[in-house]
Amino acid sequence: MKKSALQIARAAYQPKLPVTLTGSVKAIEGEPTQSVADQEEIQKLFPNTYGLPELRFEKNPNPIVGKPVNVGVILSGGQAPGGHNVICGLFDGIKKINKDSRLYGFLMGPGGLVDHDYKELTADIIDEYRNTGGFDIIGSGRTKLEKQEQFDKGLEILKQLGISALVIIGGDDSNTNAAVLAEYYKKIGAGVQVIGCPKTIDGDLKNEVVEASFGFDTATKVYSELIGNIQRDCFSAKKYWHFIKLMGRSASHIALECALQTQPNVCIISEEVEAKNQTLQDVVDYIANIVAKRAAQGNNFGTVLIPEGLIEFIPAMKNLIAELNDLLAKTPDFAAKTPAEQRQFVLGNLSQNSATVYASLPEGVARQLTLDRDPHGNVQVSLIETEKLLSEMVGNRLNEMKAEGKYVGKFSPLHHFFGYEGRCAAPSNFDADYCYALGYNAACLINAGVTGYISSLRNLTKPSVQWLAGGIPISMMFNMERRHGEMKPVIQKALVRLDGTPFLRFAAKRDDWALSTAYVFPGPIQYFGPAEVCDQPTLTLQYEHLDK
């Protein structure tokens with residue numbers, strides 16, 4: 001495969017480890033932990049791995065050579081920049097423990113473990129993937145490790161290969177599964193440690209002990225470059241309104257970070273919409289009023305950032321979707337009706353409030369809500385083109401305002417969705433360092449003999465050599481939530497905190513950004529040059545540290 005000039009140069013980049021990990025390390029135990037909520041229920045479900053202490057690593061003045069260890073690694077879920085570096089750090093870490101240690105990658109996600117599909121990752125393979133984006137070294141998948149037969153089937157290949165530790169690189173669901181697997185293997189005395197690593201560009205796997213999930217830094221820098229380019233074009237042409245949907249179904253961290261970096265005219269934060277119990281029309285009116293005020297200044301252009309999951313945060317829309325799911329599940333012959341019959345049937349069988357919301361939607365979106373179902377029979381909300389829905393409804397509102405004499409201008413919308421563009425980008429220096437250290441740190445957790453832990457690095461706004469390394473019991477992050485009709489232990493998802501400094505900084509400036517065209521153009525990710533240009537963490541992370 002031909003390599004670009006950047007690939008060749010990046011292959012030579014050596015990620016900077018925290019000082020405590022640069023030699024032999026020893027694990028220092030902290031206080032016993034408990035889950036963030038539902039302590040009694042979580043403890044009953046995890047009797048063998050609950051209440052474990054936090055660990056921190058320090059330099060070991062009396063280094064000893066460890067025994068060879070065979071380790072398995074899985075990439076789980078959607079891609080995120082830096083995954084390859086986690087594996088490279090893990091490889092280097094176990095080789096540092098003992099040069100005869102071996103690493104096996106299970107192919108295409110957790111399914112590779114269950115199906116016994118794997119390959120050994122040797123130095124020649126590893127060196128081809130250092131500091132590169134993507135998950136293509138072993139591929140990823142979304143198979144969930146939830147059933148005992150899966151655990152037992154996986155254990156067969158682990159025993160066959162002499163693997164005594166498994167590292168699962170994934171988001172909140174994947175690390176929840178890692179904790180369940182660790183508990184089961186501990187319960188049956190399988191002799192297999194399970195360690196997690198925090199991955200997701202959405203930024204919703206974080207808390208007091210996991211300061212950031214990897215990939216968020218790179219992805220938001222990629223999106224912010226694209227938004228900045230659009231804003232430069234927008235400011236140059238002065239005739240288009242750009243509606244930009246950004247990945248992040250469960251939380252608005254990406255939209256908020258991109259807004260802080262680029263200063264758009266409008267950015268909707270889903271968590272605020274829900275907290276204020278706003279309707280879809282409230283959101284539309286908010287955008288339309290800004291469009292009208294800018295038009296009064298002679299500015300018929302602007303940018304609007306929209307989180308992917310906005311629809312599910314609007315209380316009235318959430319109720320509508322829930323009613324539609326129930327209604328259509330009970331109506332197997334729905335698809336046989338004509339479009340007109342379908343619309344009348346839906347309107348006649350919804351509650352009055354939901355029927356009003358349904359009737360207010362553009363016909364294409366309303367129809368999409370009734371036709372596109374997932375395998376569980378639910379509306380596929382991620383397929384709804386929210387950016388087009390909003391621009392169409394804003395256009396309709398502006399026509400009403402024009403008839404009322406409240407708007408004089410021209411509204412020409414354009415639409416974008418930035419998602420996959422950022423998931424496999426070459427990792428920023430921050431993510432290259434962070435991911436490599438997460439993997440190396442996971443090797444240290446394996447050497448410490450623990451299971452059911454997630455690799456943790458803190459102090460992330462400091463230079464990487466000053467980061468604090470250690471491990472956190474995954475059960476510490478659990479609460480109980482209803483999933484598929486049952487209460488299940490899951491890692492508590494981190495939403496945008498409306499009382500947090502990142503949101504408050506945004507909220508203090510957005511009215512000015514709305515009217516003043518205060519665009520910032522971040523430009524592309526910089527890999528070479530001064531640290532203040534190349535190594536800066538996200539503004540979200542910097543502002544969150546002001547709260548501590």
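Reply: The buried residues of α22 are covered by elements that include α8, α9, α19 and α20. Those buried residues are T540, L541, Y543 and H545. The model is a predicted one, and what follows should be read as a description of that prediction.

A search of the whole structure turns up one cavity of 30 Å³ or more. The largest cavity holds about 110 Å³ of space. It is lined by 13 residues, and those closest to its centre are E211, A212, F216, T538 and L541. Two or more lining residues come from each of α8 (216-237), α19 (429-447) and α22. α22 has the largest share of this lining, with three residues. By type, the lining of the largest cavity is made up of four nonpolar, four polar and five charged residues.

The volume of the second largest pocket is about 580 Å³. Its lining has 26 residues, of which K206, N207, E208, A494 and R497 lie closest to the centre. At least two lining residues are supplied by each of α9, α20 (501-516) and α22 (539-546). Here too α22 gives the most, with four residues. The lining of the second largest pocket divides into 12 nonpolar, six polar and eight charged residues.

α9, one of the elements that cover α22, spans residues 253-262 and includes T262. T262 counts as buried because its relative accessible area is 0%, and buried means under 20%. Its side chain reaches the backbone oxygen of C258 at 2.7 Å. Apart from residues up to four places away in sequence, T262 touches S224, I227, G228 and Q231, along with L305, A518, Y519, V520 and P522.

N207, which is among the residues closest to the centre of the second largest pocket, is also a contact of M477. M477 sits in the loop between β13 (468-473) and β14 (478-483). Its relative accessibility is 3%, so M477 counts as buried. With neighbours within four places in sequence set aside, M477 is in contact with V36, N207, V210, I454, V490, I491 and Q492. P502 is 25 residues from M477 along the chain, and the C-alpha atoms of the two are separated by 22 Å.

N459 lies between β12 (453-458) and β13. Its phi is near 70°, a positive value in a residue other than glycine. N459 counts as partly exposed because its relative accessibility is 23%. H116 is a further case: this residue is not a glycine, yet it has a positive phi of about 60°. H116 is in the loop between α4 (110-114) and β5 (118-120). The relative accessible area of H116 is 23%, so this residue is partly exposed.

α13 (residues 315-329) has 15 residues and reaches 21 Å from its first C-alpha to its last, close to the 21 Å expected at 1.5 Å a residue. Its buried residues are P315, M317, L320, I321, L324, N325, L327 and L328. An α-helix has 3.6 residues a turn, so residues three or four places apart point the same way. The buried residues of α13 pack against α10 (270-275), α11 (280-296), α12 (310-313), α14 (339-349), α15 (352-360) and α16 (363-371).

α3 (residues 83-97) also has 15 residues, which should span 21 Å at 1.5 Å a residue. The end C-alpha atoms of α3 are 22 Å apart, which agrees with that expectation. α3 is mostly covered, with 13 of its 15 residues buried.

Notes. Residues are numbered from 1 along each chain as its sequence is written. This is a predicted model: local features need pLDDT of at least 70, side-chain atom pairs count only at pLDDT 80 or more; totals for chains, interfaces and linings use all residues. Side-chain values use heavy atoms; hydrogens and water are left out. Buried means under 20% relative accessible area, exposed over 50%, partly exposed in between (1.4 Å probe, protein chains only). Contact means heavy atoms within 4.5 Å. The expected span of a helix is 1.5 Å times one less than its number of residues. A polar contact is a pair of N or O atoms within 3.5 Å; within protein, one must be able to donate a hydrogen and the other to accept it, and residues adjacent in sequence count only if both atoms are side-chain atoms. On a 1 Å grid over the protein atoms alone, a cavity is a set of points where a 1.4 Å probe fits but cannot get out, and a pocket is an open set with protein on both sides within 12 Å along at least five of seven lines; lining residues have an atom within 4 Å of a point. Grid points are joined across faces, edges and corners, and a volume is the space filled by probe spheres set on the points. Ala, Val, Leu, Ile, Met, Phe, Trp, Tyr, Cys and Pro count as nonpolar, Asp, Glu, Lys and Arg as charged, and the others, Gly among them, as polar.
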